[in-house]
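Please read it alongside the sequence and the coordinates.

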Amino acid sequence: MEGETGEKGSVCGSSEGDVIGEMMEMIENVGSYVGFRKTQRKESLNLVRRMKLLLPLLEELKELGTTAVSGKALERLARLKKALLVSKKLLKTCNYGSKIYLAHECEAVGVRFHAVYDKLNQALEDLPYNDLGISDEVKEQAELMRMQLKRAKRRTETQDMELAMDLMVVFSKTDDRNADTAILERLASKLELHTVADLKAETVAVRKLVKDRKGLSAEASQQIVELLGKFKKLAGMEETNVLDCPISSRNLQRCPSLVIPHEFLCPISLEIMTDPVIVATGQTYERESIQKWLDSDHHTCPKTGQTLAHLSLAPNYALRNLIQQWCEENQFELPKKDIRAGSNGSSIEVKRKVSSLVQNLSSSQPDVQRKAIMKIRMLAKENPDNRILIANLGGIPPLVQLLSYPDSKLQEHTVTALLNLSIDEANKRLIAREGAIPAIIEILQNGTDEARENSAAALFSLSMLDENKVMIRSLNGIPPLVNLLQNGTTRGKKDAATALFNLSLNQTNKSRAIKAGIVPALLHLLEDKNLGMIDEALSILLLLLSHPEGRTEIGRLSFIVTLVEIMKDGTPKNKECATSVLLELGLNNSSFILAALQYGVYDHLVEIMRCGTNRAQRKANCLLQHMYKCEHIPWNFNVGA
């Protein structure tokens, strides 16, 4: 990570040459960042591009070398430098920060980008171009940057909404899907946290984040740490506490994990090694961790990515002695682990087993088929390698054929097996190509309760591919999902809601869902508080509001009173979602704002501004500002809170 040289000195105490040189160096530094997190990548690259537009201005100032610059002009240059410092700090966070944190706080980071745009715009507006002797051509370029900053809008792309929905589920303490492997794997893929190297870097970032605790609540810290632990477990790494001590500790710097020499930690598990071994590339790992890696049919070095010339493991006695000596000197007790020898033939045995199960899918004996389906269902649930292996050995086509078998329980196990297999990205395409979607929709309509639930979950998983979103609509899969949302079990309603949310990311699908009656179904979810699906319902409604038909349908139902009640009595997250929906409604039609005011929303907004979540406070602030601009309320509140 780069140093902070030159950033902590007095801005105003520098000469003109120093200030200009430092600003040019800052722009050059941010131009070298190559690891912007996926959730902020587009915004970060846009900001870097805009900052580079300043280089001609700074180069001209440097060439002029004016010594008779007024104190006022120097002060304005210092203000520009300060704005660039804030920009660099934000970009540095987006380049090196925790990916989970940046996804969790995506909207808050977006607000920070807007604050940076304001600072840069103000600094450029205040520059005395004539006093500094700037040419007209360079002045025009600076004006171009100002125009771009004014037009900059907060990004609200599909990816952000998908992430928000998944994060809402995994962070929920009441949603029984919070440990769902499919959701976790999808999140890990979106956040680019699926390789050992990714997870190792994220662990370092999370440790720093929790140690610094800049505006991060203990609950949010715990959520981030727990999610990282789930990602590591998913990747086959040993399940360990990221911090190796409770988050609430005031002395995180005393945690053993933070003082153990780096070379003593296994690159896979990030734990201190008790039985270090050397692989063909010369890298050292904990024996148990690297054996698991090799048993999963990997033939590369996890750290370097090189193909291993052989799979032999050689004990690293020298390092083990150093670790033992360090432990004795620091009174550190090595963790005790079960000694389990890895089986070199385990992967071959798994292949034989899966191959036999795939053959049994075509058996003429229903009991043999049923047992094979159930075993494949469990194998596909256990780990990613099994999913790939089952597909490679030809397991998907016979499973798709069995979806139409006239036995409800067999259909249930089959659709669940395909759901588990569909977690793999390549399998999504293969399952759809084999013609599974029509049969899954049929089971969604007529299967057992569990089969219907898992059919909805399977459609959700398959709909992660845009072409499958279109296919599900064209095969009339949206109406039965709406029906499950209305009449299914609690779990069925949740699976249907998740599938419909994802399908509605397609604009045409929104129209189809609205015509199928999704809005009345969502309103019912808002009114039935026992279901615990208020956040999901509001998230889908917020998505539908971007479609004209959605705004019309929601407006006809006039559920403003329900929104206001949620803003009064709901959970902090409920209030946040309800405020977001009311804001979107109000921006398109001020009559909704007037109706909400009649139901007493003003007092609730003031209360949310005082003690709501950060996002809720921002939405409430925007809503109050909009009310003022529309002259619905007097200017007697603090919109800058």
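In this predicted model, Val 564, Met 567 and Lys 568 of helix H31 are in contact with Val 601, His 604, Leu 605 and Ile 608 of helix H34. Sorted by class, the residues of this contact are five nonpolar, one polar and one charged.

**Geometry of the helix pair**
- Two packed helices are described by the angle between their axes and the distance between the axes.
- For H31 (residues 560-569) and H34 (residues 601-611), the axes come within 9 Å and cross at roughly 35 degrees, and the crossing is left-handed.

**Sheet and the helix packed on it**
- Three strands make up an open sheet with antiparallel pairing, in the order S2-S1-S3, and its edges are formed by S2 (284-286) and S3 (314-315), each of which pairs on one side only.
- Helix H14 (residues 287-295) packs on this sheet and touches S1, S2 and S3, while its direction makes about 95 degrees with that of S2.
- Strand S1 (residues 276-278) is joined to S2 by three bridges in the antiparallel sense, and Glu 286 in S2 is the bridge partner of Pro 276.

**Helix H26**
- Helix H26 spans residues 490-503, and its 14 residues reach 20 Å from the first C-alpha to the last, close to the 20 Å expected at 1.5 Å a residue.
- H26 is mostly covered, with 12 of its 14 residues buried; among them are Lys 493, Lys 494 and Asp 495, as well as Leu 500, Phe 501 and Leu 503.

Technical notes
Residues are numbered from 1 along each chain as its sequence is written. This is a predicted model: local features need pLDDT of at least 70, side-chain atom pairs count only at pLDDT 80 or more; totals for chains, interfaces and linings use all residues. Side-chain values use heavy atoms; hydrogens and water are left out. Helices (H or I, at least four residues) and strands (E, at least two) are DSSP runs, numbered from the N terminus. The expected span of a helix is 1.5 Å times one less than its number of residues. Buried means under 20% relative accessible area, exposed over 50%, partly exposed in between (1.4 Å probe, protein chains only). Two strands pair if DSSP finds at least two bridges between them. Contact means heavy atoms within 4.5 Å. Axes are lines fitted to C-alpha atoms, for helices over the stretch in contact, and angles run from 0 to 180 degrees between N-to-C directions. A crossing is left-handed if the near helix is turned anticlockwise from the far one by less than a right angle, and right-handed if clockwise. Ala, Val, Leu, Ile, Met, Phe, Trp, Tyr, Cys and Pro count as nonpolar, Asp, Glu, Lys and Arg as charged, and the others, Gly among them, as polar.
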